[in-house]
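Open the model in your viewer and keep the selection tool at hand. The tour goes stop by stop.

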Amino acid sequence: MDNMTGKVLDNRYELLDVIGTGGMAVVYKAQDRRLNRSVAVKILKTELAADEEFRRRFRDESQAVAMLSHLNIVSVYDVSRGETEYIVMELIDGITLKQYMERRGKLNWREALHFITQIMRGLSHAHSRGIVHRDIKPQNVMILRDGTVKIADFGIARLESSAQQTMTQQALGSVHYISPEQAKGDRTDARSDIYSAGVVLYEMLTSRLPFEGDSAVAVALQHLSSVPLSPCEIDPTVPEALEKICMKAMASDINKRYPSAEAMIADLEEFRKNPDTSLDFTIEELHEKPSTERTMPLPAMKQLTSRLSKNQEEDGAEAEPEQEPEEYGAAPPVLPRALIIVAILAICATAIFGLWNLILASFDTEPVQTEFSVPNLIGKTIDEANALEGVKDIFTITQIGQRPSTEYEAGKIIEQSPSVGKTVRENREITVFVSTGIKSDVMPDVVGKEHRAAAIQLRELDLNLVVNDSEEEYSDSVPAGHVIRSNPVANETLRDGDVVMLVISKGPKVIPATVVSMTNISLERAQQLAEQSGLVVAVEYAHDDTIQVDYVISQSIAPNSSVAQGSTIKLIVSLGPEQTEPVDDPTQQTENPSTENPTEIQPAAPEGEGNSTFIDPEAGA
């Protein structure tokens with residue numbers, strides 16, 4: 001795949017740099033421009049994206065995984081539907097469990113218990129939704145800084161078989177953890193994940209893998225036929241109960257493994273509470289071989305050969321007493337002994353021929369059918385399917401789960417494995433999922449909630465809802481990133497598979513305002529102009545010799561500037577010229593006659609008399 005760093009997918013996800021490369025995809029660190037957050041984007045390699053069937057399955061699997069919402073599973077935010085196939089996931093700040101083990105070496109059993117319990121909880125959630133990982137390994141388990149475990153790459157491993165990959169060195173990393181049924185190419189279910197998780201626990205406890213080999217095929221064969229050393233044989237400090245849990249998860253016989261992740265979690269919790277607990281099974285029981293063989297002709301022929309050999313011995317023992325050469329006074333002639341041997345051989349041959357005919361007579365002489373085509377069971381009940389001519393006395397139908405369906409009513413088969421038309425020989429079991437009908441619930445009130453919390457709340461309803469939160473609007477009342485409204489609205493009925501639209505707030509819309517000139521106009525007019533532009537007015541007063549009273553002297557924002565509506569503009573308003581006290585002419589000042597009481601007002605002179613306080617020296621001239 002060409003380096004896509006710097007490109008923007010769907011005008012939303014900007015690819016920043018490569019953070020990982022695998023056999024199927026390249027993972028980029030990216031920026032979600034719409035939600036302003038860092039994410040991880042996994043893009044299919046070109047050679048796989050060119051296969052339309054593979055792309056279809058990729059989308060279907062990814063959309064199913066996007067419905068998972070659990071603390072111990074990497075969240076899937078978005079799945080592409082365009083030309084470029086990609087998945088958008090949460091960006092994990094941590095390292096893989098493989099890297100953690102390489103740094104730490106062998107983990108103590110308490111760490112191993114902490115990690116495996118979280119892995120099983122994530123698997124339990126996925127299995128309850130009908131999703132099997134099929135590639136559990138330390139490379140697909142992320143460890144966060146706080147010790148939280150998150151399982152990654154759900155739905156991707158399932159597609160590897162459709163890509164028709166062979167067991168090359170590239171597959172060696174996964175083959176160490178595959179279950180025996182995966183190695184044989186048989187049907188896999190949730191118990192395959194349990195086996196792989198057991199191998200991960202084994203590696204954490206012992207710092208080594210249960211099986212090693214020079215090639216992927218050599219390792220796979222050991223999963224089929226070999227029994228690994230128990231953890232206590234490698235490290236005696238491993239608690240016995242935890243060793244038994246590990247070995248039960250890794251039982252090569254699928255029927256001796258834990259039947260579900262919940263069952264394994266129960267034993268892990270019991271061990272956590274009491275490390276000296278005694279579990280009700282032994283490691284030896286897990287490795288016992290079935291007492292009956294699968295292929296019957298071989299033991300039948302062994303029994304036949306054994307019986308004939310016994311008959312020959314018995315015939316020979318009875319023939320010896322009949323030989324009485326002493327009565328003849330000489331050794332018996334050679335010819336009679338040869339004839340006896342020939343006769344015995346003839347009898348044996350006759351017995352063999354008769355028994356063989358008897359065996360053949362017990363079987364139908366017509367050709368025995370060894371290949372069968374898997375019939376279509378979809379839409380039928382299990383009883384109806386068992387009654388079909390192509391099923392009765394040929395196939396065994398086993399229900400392994402149930403889930404809601406919008407297409408089929410309760411009790412009808414909605415999924416089967418092997419698929420319709422597939423030719424099978426030995427393994428004639430068909431596993432099915434059965435419909436529980438259309439599941440419904442009430443739409444919760446998510447208005448005002450943060451959109452990611454609202455999406456999680458909707459997915460926890462377990463209705464396989466498709467949550468679309470791509471529509472955004474400005475809002476003065478709802479904070480950015482929160483839900484403005486939903487469709488359906490609160491308290492309406494939700495059904496399995498419904499689409500829920502969430503309109504997300506972008507916050508208040510910032511509208512620019514152009515500032516006009518307000519100087520040398522009245523304050524009243526200036527306030528009108530400011531309000532028309534969406535501005536808030538603050539007024540200060542000052543004296544000015546040139547601007548008349550209540551007119552604007554100056555403004556804080558220059559005319560023709562562009563600012564956000566709601567901005568504050570300060571106006572300086574005139575008080576007119578500054579008033580000063582007049583200075584009197586000293587010649588006009590009246591002498592104060594009283595120094596004791598300067599504020600006392602003197603009586604006016606009688607009419608016709610001169611001023612008693614000021615005498616003009618030139619008056620008598």
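**Stop 1: helix H10.** Select residues 240–249. This is a predicted model. Nine of the ten residues of helix H10 are buried, so the helix is largely enclosed by the rest of the structure. The buried set is Ala-241, Leu-242, Glu-243, Lys-244, Ile-245, Cys-246, Met-247, Lys-248 and Ala-249. What do the buried residues of H10 pack against? Show H4, H7, helix H9 (231–234), H11 and helix H12 (283–286).

**Stop 2: H4 against H7.** Select H4 (residues 109–128) and H7 (residues 190–206). Their axes lie 10 Å apart, and the packing angle is about 165 degrees. Angles over 145 degrees count as roughly antiparallel, and H4 and H7 are therefore roughly antiparallel to each other. Their crossing is right-handed. Now show side chains. On the H4 side, pick out Trp-109, Ala-112, Phe-115, Ile-116, Ile-119, Met-120, Leu-123 and His-127. They meet Ala-190, Asp-193, Ile-194, Ala-197, Val-200, Leu-201, Met-204 and Leu-205 in H7. By class, this contact has 14 nonpolar residues, one polar and one charged.

While the side chains are up, look at their spacing. An α-helix has 3.6 residues a turn, so residues three or four places apart point the same way.

**Stop 3: H4 against H11.** From H4, the contact takes in Trp-109, Leu-113, Ile-116, Thr-117, Met-120, Arg-121, Leu-123, Ser-124 and His-127. Across from them in H11 are Ala-261, Glu-262, Met-264, Ile-265, Leu-268, Glu-269, Phe-271 and Arg-272. The contact of H4 with H11 divides into ten nonpolar, three polar and four charged residues.

**Stop 4: Thr-96.** Go to strand E7 (residues 94–96) and select Thr-96. Is Thr-96 buried or exposed? Its relative accessibility is 15%, so Thr-96 counts as buried. Leave aside its neighbours within four places in sequence, and its contacts are Pro-138, Gln-139, Val-141, Met-142 and Ile-143.

**Stop 5: two cis peptide bonds.** Most residues other than glycine have a negative phi, and most peptide bonds are trans. Select Ser-417 and Pro-418: they are joined by a cis peptide bond, with omega about 5 degrees. Pro-418 sits in the loop between strand E12 (413–417) and strand E13 (423–424). Next, select Asn-487 and Pro-488. A cis peptide bond joins this pair too, with omega about 10 degrees. Pro-488 is in the loop between strand E17 (483–487) and strand E18 (493–495).

**Stop 6: two positive phi values.** Stay in the loop between E17 and E18 and select Asn-491. Asn-491 is not a glycine, yet its phi is positive, about 80 degrees. Asn-491 is exposed, at 62% relative accessible area. Then jump to Asn-11, in the loop between strand E1 (8–9) and strand E2 (13–21). Phi of Asn-11 is near 55 degrees, again positive in a residue other than glycine. At 67% relative accessibility, Asn-11 counts as exposed.

**Stop 7: zoom out.** Show the whole protein. Its secondary structure comprises 17 helices and 24 strands. Of its 621 residues, 38% count as buried. The protein exposes about 36100 Å², and carbon and sulfur atoms supply 50% of that. Among contacts between residues at least 6 apart in sequence, 65% join residues at least 24 apart.

Note on methods: Residues numbered from 1 in each chain as written. Predicted model: local features only at pLDDT ≥ 70, side-chain atom pairs only at ≥ 80, totals over all residues. Heavy atoms only, no water. Axes fitted to C-alpha atoms, helices over the stretch in contact; angles between N-to-C directions. Helix = DSSP H or I, 4+ residues; strand = E, 2+ residues; numbered from the N terminus. Parallel < 35°, antiparallel > 145°, perpendicular 65-115°, else oblique. Left-handed = near helix turned anticlockwise from the far one by under 90°. Contact = heavy atoms within 4.5 Å. Nonpolar A, V, L, I, M, F, W, Y, C, P; charged D, E, K, R; others polar. Buried < 20%, exposed > 50% of the residue type's maximum accessible area, 1.4 Å probe, protein only. Areas by Shrake-Rupley, 256 points an atom, 1.4 Å probe, with all protein chains shown as cover.
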